[in-house]
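I wanted to look at a pocket and at the strands around it. Here are my notes, in the order I checked things.

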Amino acid sequence: LCRGGLAERLCRLQNRERSAISFWRHQCLSDDKIPSDKSGVLIVRILEIFEECTIQVAICQQLEQSPATLSPEDAVINAEEPVLKVLFTRETAAHLKSRPQDVIHIYPPWQKLLLQNADVPVIMNTYFSQKVLRSEHSEAREKTYGLTKMLIRKNIISLAQTFRLDDVNDKIHQESSDNQVPCAPQTHNNGDSKQHPLAVSAVNDSLLEMVESQGAVGWREVQVQVVIQRVYCLPAREGYRSQTHGNRPLLSNGGMFCRLCLLVQDAYGMFSEVQLQSLSSTDDVEQYCRRWEGKSCCLAGMKILQRTTRGRALGLFSLIDSLWPPVVPVKVPGQSQDSEMMTTNLPPPSFCYILTVQSGEMHVEVDEEEQISNLYQPPAVHGLKEILRIDGCNERCSFWAQVLYQRLQTKHSVPIDQREMLLFVTDSTLQNVAHGIPKVVTVSVTASCVLSTEIMEALSAGSQLVFFKDALWGNGRIICVERTVLLLQKPLLCSAAGADLSELTGPVRLDELDSTTQASSICALRGTVVGVNESTAFSWPTCNRCGNGKLEVCPQDRELLYCNQCSEVVTTPVLKMQLEVFLSCPSRSQSTVKVKVWHEIRAALFVLLTMLLFLQTYEVQSVLGKEVGLLNCYVHSITSHPNCVVLEEIVLL
């Protein structure tokens with residue numbers, strides 16, 4: 001909306017109006033009584049109800065006083081009382097659930113409209129209305145009727161009548177039983193127990209129309225049909241961490257609370273993010289991706305959590321932009337819905353509604369047997385070489401890659417579950433190039449990216465081929481953020497777009513250290529040892545089963561070592577040694593290259609003790625001038641003053 005324009009001012013006015021109505025209704029419910037101020041209150045009794053142009057029209061008789069103060073003999077309808085035509089919006093009618101003979105109190109600011117050539121006045125602006133229950137009998141009747149379906153007449157006004165066209169004499173049967181619609185849910189008997197509870201609801205195909213007609217309170221008796229474009233998990237905000245789904249708390253993934261989410265799109269191209277409740281495990285995300293993505297579903301029982309815009313949710317709209325424009329023409333609001341009038345020349349969405357379930361139940365009906373929707377856009381898979389050549393910023397990308405090494409960023413001021421993890425990946429498109437393009441790419445996995453337990457365990461076990469879906473590319477970096485999904489299996493539907501997705505054959509090659517090497521990357525290193533930092537050299541025994549580096553002397557036998565974590569004696573410990581050496585590298589001849597070298601030696605205890613004694617008399621001169629072959633290293637830092645490169649020897653997965 002244009003800032004300061006009429007549409008924006010009207011939108012603000014409508015929002016204030018909805019807030020005032022919701023607050024008034026909440027106040028009435030909390031007070032559990034009718035507001036005491038009766039000045040200007042219009043009291044009416046409903047005689048007849050019908051619907052016209054989505055407005056509920058009630059033919060009513062005006063009462064001078066509330067029926068609660070009338071005597072039984074005065075409660076009979078008086079024919080001399082004035083007749084009114086009261087208009088209720090769809091939201092107000094759903095709130096009142098009125099029936100003939102109900103008494104309604106209409107509070108200001110209601111308005112009376114006198115029409116020419118009409119004897120019955122029309123009452124409008126009836127937002128502040130309340131139904132009155134007069135007795136215990138009425139309350140019992142209300143509870144009984146509240147569970148049954150009431151059919152109301154729907155008057156269909158033809159455009160020929162409205163615009164007085166030539167075919168005005170072609171009459172339409174207005175009061176057909178086919179045009180009667182339910183205004184309350186119908187109870188199901190045992191014979192209908194297999195019918196879905198949402199089956200009696202009317203189905204819409206526009207998210208925006210549902211939001212505008214049902215408001216922020218929630219969708220009670222209607223549902224909207226959409227297509228599921230993406231399934232993912234989002235970290236839950238603090239307020240949701242105490243919520244439960246039945247007796248099951250929100251799932252925890254390494255200390256992170258998260259919930260299942262759907263990105264859906266309607267027939268008009270509008271997107272919405274639906275935040276559902278918890279899963280039993282984060283591993284279920286892959287299952288829901290396979291079962292739900294691309295399928296049509298019906299949403300019901302939703303409420304608006306937030307209306308967000310492009311400036312407030314860059315991550316969400318970067319995903320929406322990757323799905324725009326639609327692959328098939330979409331409908332245009334306000335135009336004829338003939339196929340000739342559908343168009344794809346539409347601007348990308350500028351806002352999106354975040355929806356959530358209204359109660360603790362999941363109101364998502366997915367027809368898993370249905371064919372994939374034509375509106376669905378599967379992830380477009382590219383090779384890493386192609387992704388590195390993308391010029392745009394904040395572009396979503398999907399790719400297959402072999403994970404060679406992982407490293408958790410060590411920032412002591414940040415909790416472990418909020419630290420960023422680096423994955424160093426490659427594929428055949430990078431390994432097969434000669435020069436100019438790096439052979440390994442760094443992928444930053446932020447704390448907001450939910451990783452399944454299966455992924456974490458697989459990466460801990462060894463090198464894995466991982467599918468990165470909807471990662472973010474920009475400023476020369478690939479980042480896994482919210483709404484990025486990592487999978488071990490290839491999705492059933494994805495478009496390769498001609499990319500080379502062949503698996504790696506042969507050993508993996510790293511880029512050698514040179515002037516283009518950056519910090520927080522991995523590289524191959526060769527050079528000559530020119531110095532050793534003796535002050536930092538040390539060694540220690542570790543457990544050969546769990547890797548515990550804090551072994552103790554066995555209380556029963558002081559010649560043996562004992563592991564507290566395994567609660568067992570360690571007979572063949574692993575000796576780990578750390579040594580910092582300085583290298584002279586031809587590729588960085590002007591820089592001081594310092595490498596932290598690790599070594600592991602598996603030996604029996606008597607051999608270990610012998611080596612520990614040997615290390616105390618180790619001659620540094622014996623390693624100076626030695627040629628170092630290709631070491632796989634992680635680059636800690638690169639500084640220009642002084643000109644120094646600090647690396648650490650690593651072992652690839």
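**Entry 1: the second largest pocket**

I looked up the second largest pocket first, and it holds about 910 Å³ of space. A pocket here is an open set of points on a 1 Å grid over the protein atoms alone, where a 1.4 Å probe fits, with protein on both sides within 12 Å along at least five of seven lines. The volume is the space filled by probe spheres set on the points, which are joined across faces, edges and corners.

I sorted the lining by class and got 14 nonpolar, 11 polar and 7 charged residues. Nonpolar covers Ala, Val, Leu, Ile, Met, Phe, Trp, Tyr, Cys and Pro; charged covers Asp, Glu, Lys and Arg; the others, Gly among them, are polar.

A note on provenance: this is a predicted model, where local features need pLDDT of at least 70 and side-chain atom pairs count only at pLDDT 80 or more, while totals for chains, interfaces and linings use all residues. Residues are numbered from 1 along each chain as its sequence is written, and side-chain values use heavy atoms, with hydrogens and water left out.

**Entry 2: where the pocket sits**

Why does the second largest pocket lie between domain 3 and domain 4? Because domain 3 (384-487) and domain 4 (521-649) both give residues to its lining. The domain bounds come from an automatic or database domain assignment.

Which strands each supply at least two residues of the lining? I found E22 (421-426), E23 (441-445), E25 (477-480) and E27 (522-542). E23 gives the largest share, 3 residues. Strands (E, at least two residues) are DSSP runs, as are helices (H or I, at least four), numbered from the N terminus.

**Entry 3: E23 and its partners**

I then checked E23 itself, and 4 of its 5 residues are buried, that is, under 20% relative accessible area with a 1.4 Å probe, protein chains only. E23 pairs with E22 in the antiparallel sense over 5 bridges, with Val 425 opposite Val 441. With E25, the pairing of E23 is parallel, over 3 bridges, and Val 445 stands opposite Cys 480. Pairing takes at least two DSSP bridges between the strands.

**Entry 4: the whole chain**

Last, I noted that the protein chain has 11 helices and 34 strands. Buried residues make up 41% of its 653 residues.

Note on methods. 1 Å grid on protein atoms, 1.4 Å probe; cavity = no way out; pocket = protein on both sides within 12 Å on 5 of 7 lines; lining within 4 Å. Buried < 20%, exposed > 50% of the residue type's maximum accessible area, 1.4 Å probe, protein only.
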